[in-house]
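Here is a short briefing on one structure. Keep the sequence and the 3D view open as you read.

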Amino acid sequence: MSTYPTSTYPTRRTFLGALGTAAVAGCSSGLRESSGGTGRSLKIGYVSPRTGPLAVFGESDDYVLGRVRAALAKGLSIGGRGYPVEIVVKDTQSSAARAAEVAGELIQRDRVDIVLATSTPDTTNPVSDQCEAARVPCVATVCPWEIWAAGRPAPTYSYLHFIGTEQEVGVFAGLWSKADTNKVVGGLWPNDTDGELYRRFVTAEPGWRVSDPGAYEDGTQDYTSILAAFARDDVEILQAAPIPPDWVTFWRQAAQHGFRPKIVSVAKAMLFPTVAKTLGELAEGLVAPVWWSAAFPYRSSLDGTTAKAFADGYGRPWTPPMGFNHALFEIAVAAFRAAADPKDHAAVAAAIGTLKGEAISGRYDFTAGPSKNVSMAPDLLGQWRRNPAGEYDLVIVDNTLDPAIPLQGEFTPLR
Amino acid sequence: MLELDRISKRFGRVTVAEELSLSVRHGDAVGVVGPNGAGKTSLFGMISGDLAPDAGEVRFDGRRVTALDASVRCRLGIGRTYQVPRPFTGLSVFENVLVAAQQGAGTRGRASYALAAEVLAGTGLADLAGRPAGRLGLLQRKRLELARALATRPRLLLLDEVAGGLTDPEVAELVALITAARARDGLAVIWIEHVVRALTATVDRLICLAGGRVVGDGRPLEVLATPAVREVFLGTEASADALTEVERDA
Amino acid sequence: MIAAIVQGVLVGGTYALVACGLSLAFGVMRLVNIAHGDLAVCGAYLALMAAAGFGAPPVLALVLVLPLAFGVGALLQLTLFERALRGGELAPVLVTFGLSVVIQNLLVTGASANPRSLDGGAFALAGFEVGGLTLSWLRTAGFATAVVVLGSLHLLLARTGFGRRVRATADDPEAARLSGVRVRPVFACVAGISVATAALAGMFLGLMSTFDPYSGGLILIFAFEAVVIGGLGSLWGTLAGGIVLGVTQQLVALWDVRFAVLAVHVLFFGVLVVRPVRA
């Protein structure tokens with residue numbers, strides 16, 4: 001029933017990973033000899049959910065890939081040699097099993113030199129496992145690092161650049177203390193990996209009393225009992241991590257029942273502008289994490305495009321994964337350049353671990369992450385506000401973790 | 001009014017009709033006999049539209065109806081009963097007949113209610129009008145089957161073993177109903193029956209089918225006397241008995 | 001406790017509204033329509049288009065969407081379901097499953113995978129108090145609509161000539177033909193009504209929550225469960241089934257939210273075991 005973002009249980013993932021490892025290990029002996037043997041071009045594999053329930057993450061892929069292809073059209077010049085760059089794109093159809101399968105195809109049939117994986121643990125984890133098994137470099141993003149790192153052996157060939165849930169909860173808590181409340185936090189946490197992480201970290205955060213009605217199932221249509229529990233505990237701060245449709249259902253029912261806390265911070269569901277558009281007036285004042293926005297003062301390391309120009313060129317409301325997906329290619333190119341031989345998989349993988357730099361999504365640093373092979377991105381907070389054109393923008397109201405990114409407004413409680 | 005022109009039909013290796021031709025005139029009462037598997041019920045299927053012949057043509061009132069849907073043929077005036085009654089079990093007795101009166105006979109409103117009531121009275125079902133058809137006994141079901149066919153105001157009525165499974169007095173009762181309907185509406189009847197006695201008492205023409213062909217056609221007793229028909233009938237003991245009975249009656 | 005039961009009944013009304021078209025199609029044509037949920041989603045998208053294109057509020061969009069949905073249903077019956085129904089028991093399931101996949105992909109291509117929702121204005125967000133209970137207007141309206149739709153369908157089937165034809169055809173299509181009933185138009189109308197109710201239900205779901213091209217599957221599961229629990233092909237049974245689902249969900253949620261949806265599926269499974277489905 002869990003059909004939306006970032007919801008895979010470690011057990012299932014570990015199992016799939018083991019399965020994939022076994023499959024690839026069976027035919028990797030032939031691969032090692034062939035590594036570096038596919039001519040002079042550099043091949044980049046890109047795995048994302050373009051269809052299926054997670055398609056909202058891959059929605060901007062065509063645009064992002066177009067920009068990257070244009071920037072790399074002339075190829076790369078490394079160590080005095082020119083390399084044409086080829087990008088092979090695979091769709092996971094929102095399935096973890098399919099993600100492992102297409103990663104295998106990229107490695108064995110397309111003989112790619114690096115694999116990039118994005119959007120939810122259902123993509124990043126099986127693909128990373130496949131790459132570890134086949135000893136092919138891999139960079140992943142858009143999956144909280146805790147979920148990526150948990151339950152698998154220390155990675156050598158695979159890397160992740162993204163935010164972490166514990167850090168995000170810390171940022172939220174910082175914001176909560178800015179308002180005058182009774183310090184009662186209501187938790188709307190579903191029965192999935194993200195829900196579990198938020199429950200764990202919010203409960204561990206000192207100084208707050210948590211009202212937790214229990215883990216509901218993704219896809220629940222009625223939240224009356226949860227709303228009743230929140231009302232009973234006099235919840236003034238709401239912390240939610242639902243999938244988008246459930247959030248819309250919940251928040252509308254909350255309005256119907258007159259439940260309006262002072263602060264409403266929503267992870268996951270409120271990341272996407274389309275959800276804000278769907279909620280209309282109800283989106284006003286909701287707090288959401290900002291991993292990336294068009295307002296970030298960073299540029300593409302490939303061609304110098306600013307975040308704003310990149311977002312504007314899309315022609316539709318920008319989505320947070322856009323910046324990180326673009327950054328994957330920037331990191332790949334930086335790794336090729338840093339390695340002695342870009343066709344040498346082991347050298348490229350080792351080179352990623354030494355990288356420290358800036359991409360359109362902001363700074364990355366693989367040398368000092370919270371876990372091996374992890375580069376942690378800063379997490380900012382924004383508040384959804386109606387702009388004069390009647391649309392809703394995520395306005396940055398907290399930049400504690402990266403003061404280089406300018407604030408766009410003051411945080412104001414809902415009441 | 002009805003003409004079958006060299007129709008053929010096979011189910012795998014079983015031939016139920018082979019180059020079969022037949023014509024029935026207005027007001028005729030034709031009996032059809034033959035052993036099991038002779039193609040009697042299939043013949044009805046091809047006339048009423050349940051079954052499409054592989055070859056040949058069916059004409060009704062000079063019009064080719066071979067490709068027409070059963071509902072259209074019903075509206076043209078071909079009515080049919082099934083050997084095992086198939087009432088609409090979820091509908092009341094009255095509703096069963098009303099559907100036929102409205103759809104088959106094309107009556108509307110009051111006229112359709114009047115027609116349904118008249119047919120029910122004529123078939124002795126008036127007292128049961130409100131009862132769900134699923135809760136009727138066999139004789140009542142057979143009557144309802146007949147009532148529903150009559151309510152479509154047919155000019156040709158195909159009767160498939162209306163007498164089967166009934167006692168002699170019950171058979172007599174049904175035969176009387178059919179005779180009355182014929183007398184009143186002047187309709188033609190084709191009647192399949194295993195109970196040959198019930199048949200010979202009513203029809204003025206008898207057709208014997210075997211292996212999808214007509215092996216005898218004419219006045220009932222004459223047909224029963226022909227060697228070909230006797231040969232067909234002697235094949236099955238029950239039918240042979242029936243034959244003897246009929247001869248004794250005669 | 002009482003609050004949970006009342007809310008459960010209201011939620012159940014929504015389930016029943018989705019399920020009644022499924023129940024009707026199965027009851028009359030023996031058609032198990034796997035695409036029912038996706039057709040409901042189409043209804044929601046149509047309403048969205050009507051709202052965007054003509055600025056029509058959802059209630060007015062009904063005037064546009066329902067006849068269109070009826071036409072689509074009739075057309076599907078005449079072109080697709082009719083052939084499938086002649087192909088044995090499995091064929092309709094496979095064909096409608098295929099239809100479901102086609103609809104999902106068409107919607108993704110045409111409308112993207114983004115979750116959408118219908119804007120019901122202030123009414124959709126308002127609630128009212130009865131005896132200390134806060135009830136949502138929208139939920140209440142959904143329940144009332146379900147009762148009205150099921151009630152009118154019941155009257156239509158029980159009291160009208162069309163209803164008699166439908167019931168006769170459902171009983172025995174061949175015998176119905178022999179009584180002069182033109183079966184094709186009857187089935188086409190029933191399929192039309194089935195899809196129109198699906199579209200209506202889809203609009204309510206769109207007002208209450210969000211939908212995306214893949215929402216149909218979940219909608220179908222609940223509808224299917226309501227139909228089975230309520231006894232196959234019975235309209236009032238379907239309402240009862242929906243209410244049983246809703247109340248079960250609410251009562252279990254009182255005890256532990258985690259098991260609310262699971263309980264519904266377990267109940268469904270239990271019903272299947274105790275009273276197996278026979279087509």
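This is a predicted model. Chain B is assigned two domains: domain 1 covers 24-52 + 64-77 + 154-250, and domain 2 covers 87-153.

**Domains of chain B**

- The centres of domain 1 and domain 2 of chain B are 23 Å apart, taken over C-alpha atoms.
- Where the domains touch, eleven residues of domain 1 of chain B meet eleven residues of domain 2 of chain B.
- On the domain 1 side of chain B, the elements giving two or more residues are α2 (70-76) and α6 (168-185).
- The most comes from α6(B), which gives four residues to that side.
- By class, the domain 1 side holds eight nonpolar, one polar and two charged residues.

**Overall build of chain B**

- Chain B has ten helices and ten strands.
- Its C-alpha trace spans about 55 × 40 × 30 Å along the principal axes.
- A compact globule of 250 residues would have a radius of gyration near 18 Å, and chain B agrees because its value is 18 Å.
- Of the 250 residues in chain B, 48% are buried.
- Take the contacts in chain B with a separation of 6 or more: 67% of them join residues 24 or more positions apart.

**Strand pairing around β1(B)**

- Strand β1 (residues 2-11) of chain B runs antiparallel to strand β4 (residues 55-60) of chain B, and five bridges join them.
- In this pairing, Glu3(B) has Arg59(B) of β4(B) as its bridge partner.
- β1(B) also pairs with strand β2 (residues 14-24) of chain B, in the antiparallel sense and over seven bridges.
- Here Arg10(B) has Thr15(B) of β2(B) as its bridge partner.
- β1(B) and β2(B) form a hairpin, with two residues between them.
- In the turn, Gly12(B) has a positive phi of about 60 degrees.

**Where chain C meets chain A**

- This contact takes 33 residues from chain C and 35 residues from chain A.
- On the chain C side, the elements giving two or more residues are α1 (2-29), α5 (121-125), β2 (133-136), α11 (235-255) and α12 (260-274) of chain C.
- α11(C) gives the most to this side, with four residues.
- The residues on the chain C side divide into 18 nonpolar, eleven polar and four charged.

Definitions and conventions:
Residues are numbered from 1 along each chain as its sequence is written. Chains are lettered from A and ligands numbered from 1 in the order in which they are written. This is a predicted model: local features need pLDDT of at least 70, side-chain atom pairs count only at pLDDT 80 or more; totals for chains, interfaces and linings use all residues. Two residues are in contact if their C-beta atoms, placed from the backbone, lie within 7 Å. Ala, Val, Leu, Ile, Met, Phe, Trp, Tyr, Cys and Pro count as nonpolar, Asp, Glu, Lys and Arg as charged, and the others, Gly among them, as polar. Domain bounds come from an automatic or database domain assignment. Two strands pair if DSSP finds at least two bridges between them. The radius of gyration is taken over C-alpha atoms; the globule rule is 2.2 Å times the number of residues to the power 0.38. A residue is buried if 20 or more other C-beta atoms lie within 10 Å of its own, exposed if 12 or fewer, and partly exposed in between; C-beta atoms are placed from the backbone.
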